[in-house]
Amino acid sequence: METRQSRVSFQVMWNRLVSVVEEQAQALVRTAFSTSVREAGDLSAGVYDTQGRMLAQAVTGTPGHVNAMADAVAHFIRRIGRQNMFEGDVYITNDPWEGTGHLHDITMVTPSFHNGVLVGFFACTAHIVDIGGRGFGADAASVYEEGLYIPIMKFAERGEVDETLVRIVRGNVREPDQLIGDMYALATCNEIGHRRLIEMMTEFNLSDLDEVAEFILENSRRATLEKIAALPQMSAEGEMTVDGFDVPIRLKVKVTVHEDRIVSDFTGTSGLDKKGINCPLVYTKAYACYALKVAIAPEIPNNHASLAPFEIAAPENTIVNALHPAPVALRHIIGHFVPDAVFNAFDKIVPGVVPAEGAGCLCNFQVSLRPRRDAPAPAHARRSEVLTFNSGGSGARPEFDGLNATAFPSGVMTMPIEATEHAGPVIIWRKELRPDSGGAGRTRGGLGQYMEVGAMEGHEFDIQAMFDRGAHPARGSRGGLDGAPTTIAQDDGTPMRVKGKQFVPHGRKVVMAFPGGAGYGDPKARDKAMIRTDLARGYISAESAMRDYGLSETEIKAVQDAVSKGEIV
Amino acid sequence: MKSAQNRLGVDIGGTFTDIVLETDSGQFSTKVLTTYAGPENAIIDGMKQVCEKAGISPGDIGQIIHGTTLATNALIERRGAKTALITTEGFRDVIEMRTESRFEQYDLNLVLPEPLLPRQMRFTVPERVNARGEIMIPLAREAVEAVVDQIAEAGFESVAVGLIHSYLNPAHERMIREVLAERLPDVAVSISSEVSPQMREYERFNTVVANAYIKPLMASYLGRLESRLHDEGVDCRIFLMHSGGGIISIQNAADFPVRLVESGPAGGAVFAAHIAARYGLDKVLSFDMGGTTAKICLIKDQTPKTSRVFEVARTYRFKKGSGMPISIPVIDMVEIGAGGGSLAHVDSMRQIRVGPESAGSEPGPACYGRGGARPAVTDADLVLGKLDPDNFAGGSIQLHAAQSRDALDAHIGKTLEMDAVEAAFGVAEMVDENMANAARVHAVENGEDLSEYTMIAFGGAAPLHAGRLCEKLGVERLIVPPGAGVGSAIGFLRAPFSFEANRSVYMRLSDFDDALIRELLGELRDEATGFVRTCDEVSPILAEFKVYMRYSGQGWEIPIELTEPQAMNPDADTFLARFEEEYTKLFGRTVAGMDVEITVWSVNATTPPEDVARVTVTDAKVAAKAQGTRDVFDSAAGRFTKANVVERADLMDGHFVQGPAAMTEDETTIIIPSSRFAIRQPDGCIDIVTGVANATTAQKGA
């Protein structure tokens, strides 16, 4: 009967660990100050064994942090040294190469002791508002300009917080209270995970996690390898071009399926950019791995063993393997395009699974508002920084349309515009779907969106644009058409660039149209009923219905009449 | 003769309509099948049954309190009215764009739920209010008329109005309502500044759309119900249970039907709160487990915890984000896909998974012998000896253990090399673990330690699993009340008249404006009290004040209760002290140097809770006589034990049963683990505590 108890209890403990890290992540969402964490879910939390192997990770969070943080704990063990780890310690870094890709992500690691013995680690990562330097944007020429760098070190030793570190941090950032608040929030969330782990170990009378770790990793490894073994063993290449900052960037990848692993090799990809859109390898790997995992083994939870078979190679100082001291603040832009490049290759290995290209990177912008300087400003005018997260359309899937204005591959959420307008003297004049922006196809690309942003009376602002797909819209697949490109201009027609900090004078608005996803398959083969529904809803115009899908004038008129009579088409 | 003491509680559920009648001579209940085509038919049928049992006529009933899943079902099944939305130009797609995220990151074929209204049913008008409530673009009447013309032509039956920042300034929404009332007097209108005056446009717009969508249907149903009851001779007022755990008038319910969503589960929580009051328990975990889901709710100081927003109609494995948000006052509950019918399988990691897919009642679990081939939780319970195959549902359904074993072997045992018993053990442990995890996460989110809690369990499957759940959660005391099968309907009869009014207004403590606060809270109190007064003209009405606060920059507010003096003579220091107290309780510390802000203001007006007679709790006095023994699997020990079998109906006050034991009743079986013993209390509750019954007070042979 002993074995009966233990076999079932391993199952229970794995389940429990997944719940523990979810609790850890939720605690972070509720206590963090950064908009990006609390509203947008830009975070990650996980539990590790004593060798630094990740055992479980919260499903709350975004793929970019997944693999990156999975590797981070091993760096902490190496840098701190086991002999220097004590109960009550908390470690910290924002190293882009040993953490999660840019200085704006703080990773904290807490060793977990049970009866005086090290039994594992908890780690969590959060995207914070400000880390000093030039501020969040692509304008730095090196990582030195991007803000304060915190090497892997102790935030607290035996429960005592390093006040020297805290003072240095406070002295180097724009919102010191918020950042320190976030650092404590990260430490607290690890502590919550730790307490629950110890409760579990007490309940099951465990002195270490070795057997549980083996159970989790072995089952995950076997399941992942079964999935890989079912694929044809072959290579295929994919490539795509995106806007970049000043010069277009080519992403090239060769995906090779081996018997027991898949290698993504980025040889042939563009070199470093002068601006901060370069991507450390750890972040490229995170998204390459996400793309393959979501395509072949979506139900297997992330852990050391399920991630291990996904390998990556890229020549040093290509844009997907930027080395220190390249600027990397906006590494997400390239990172978010990695899945489309990988899909482009994978589609040649297993057709009919992955989507057409989508909007790719998030359509984020930051607005820096201040009292107008061209004329006397009213007394209530103030300075304020407002960051928003927005999404274009995702690519059409083989069997389903793309998702309208929905983040992919990123996992973050947008903020309510009413909340944004409370955060600073900004006005969002428009945020709605962009008709005709989804590439036509047998299945249609997801629609992008329109946004218009201005300031309250008495303010002028800079907008930090972090967009792409201006000159390189999402490309259609198997006869599907391209998605619509990004456009940006002021409301008086003054043109603007898709990337970089740009001034907007008092009284002007910025008018933006975010890209749509590409279509999949011949539009003429699209189901007639779906075309009529798209027309009725205004996802497509009458012109597009006729030109791209071949609807007749009579058919179009019938749909329009039905709509005005309130009939559901 | 008509008497105020004759009160009828009616709960329309998905499968059954539960009716409870309370009179001077006791409680009478029945379950009848829900009649979807005309839900009032089941009510009339059930009412006649209980009246006959009680020996009264429908005309003698003094009050009817009703709760229903009809509103929820109409939203889930999309059976609402032909509805239009009028919104601010530039924001036509708010209810469709949601949070612009995927609730499941690892599904390439994810399909997002369709909004309640497709795009062509959403109209815009040029207007704009800013975050300070100031009008930036005035709304022109002609613009409204042009839209109303389109609405008239299309023949919409109901209209929702949701404009940006209308919770701060409702003028434009009211103007649209006026124009609609003039031009289309027969069309139902709902405006967001009344239905849900809270910041966050997606939640607010969705809530007003949901209200408009079900309004004609619910108004018509409530009208029919009233007249049918009248025809049967009923001559009393009818009230409706709302999602916040109180009752409102039938007219308020018809105006704000979205507040009826989740009224059934709310009744269950009120039922548990009442038991908590009887036992003087301040920290209670209510656990309701039925055929498809389990619901868990924290009840502090005999009051269920409430929340401002929840999600209905989840479309994807009960996953957060896959439904639609409704921002109304609601009892805060966690619902997970774990019930007696939840199906088990083995995934690619060789892990046993249970739910949320359910066998339903047809074909049901394999043991029903109706063709169900996959193992359900009930199959595991049967193989583990927790259920008696010959005595399930009062003997009305014969269970087949062999089919349970076959299903467990085929779907679990074969892959994992386990025999049927071990597979059943695994299934039971996983479903109990899922529920325990949900309870733990919910407790942590509320800064609570469950080891200080008492569990109150009801619903058909709860007594089978509650004992093990208590072991997992470190909960020492478990109470299983009588009448647990119709708990929600009983809860309706215990609910106060109440109405909660909420409003979003931002205020930093550094800009504390006590005059504005007095005015705001005064208005909210008058509004809430007004609703309650329409139900009860004489009782005193209490006002409960709550504000939601956070550090400026955070996105998550925490509720702070204020006393009436604290609320009506506001000062910033008191607000800060109360906030820091609650924040520390939740997160263990405060954050120095940050400004604090108030985001939402709330007043709940309620009639005082009825005086509850405390139960004189009895010790274990006499060992109950066992009818026999059977082998029941003890999950903590991981093996079968010889369990005493007792009949609940045979027990008298002070009778006790030492675990391991199975206590049977018509509707369910209470499993008492080896670690605990059970005492029958004078009110019929079974009180299960840890340890061994005290032999010195216990006498043999009852």
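First, a term I need: domain bounds here come from an automatic or database domain assignment. This is a predicted model, where local features need pLDDT of at least 70, side-chain atom pairs count only at pLDDT 80 or more, and totals for chains, interfaces and linings use all residues. Residues are numbered from 1 along each chain as its sequence is written, and chains are lettered from A and ligands numbered from 1 in the order in which they are written.

Entry 1, chain A. I found domain 1 (2-221) and domain 2 (355-526) in chain A. Taken over C-alpha atoms, the centres of these two domains of chain A are 32 Å apart. Their contact uses 13 residues from domain 1 of chain A and 13 residues from domain 2 of chain A; two residues are in contact if their C-beta atoms, placed from the backbone, lie within 7 Å.

Entry 2, chain B. I noted three entries here: domain 1 (342-430), domain 2 (498-606) and domain 3 (622-690). I looked up domains 1 and 3 of chain B, and their C-alpha centres lie 23 Å apart. Ten residues of domain 1 of chain B touch eleven residues of domain 3 of chain B.

How many residues does the contact take from each chain? I got 62 from chain B and 69 from chain A. On the chain B side, α4 (141-154), α7 (201-231) and α12 (420-445) each give two or more residues. α12(B) gives the most, with eleven residues. Helices (H or I, at least four residues) are DSSP runs, numbered from the N terminus.
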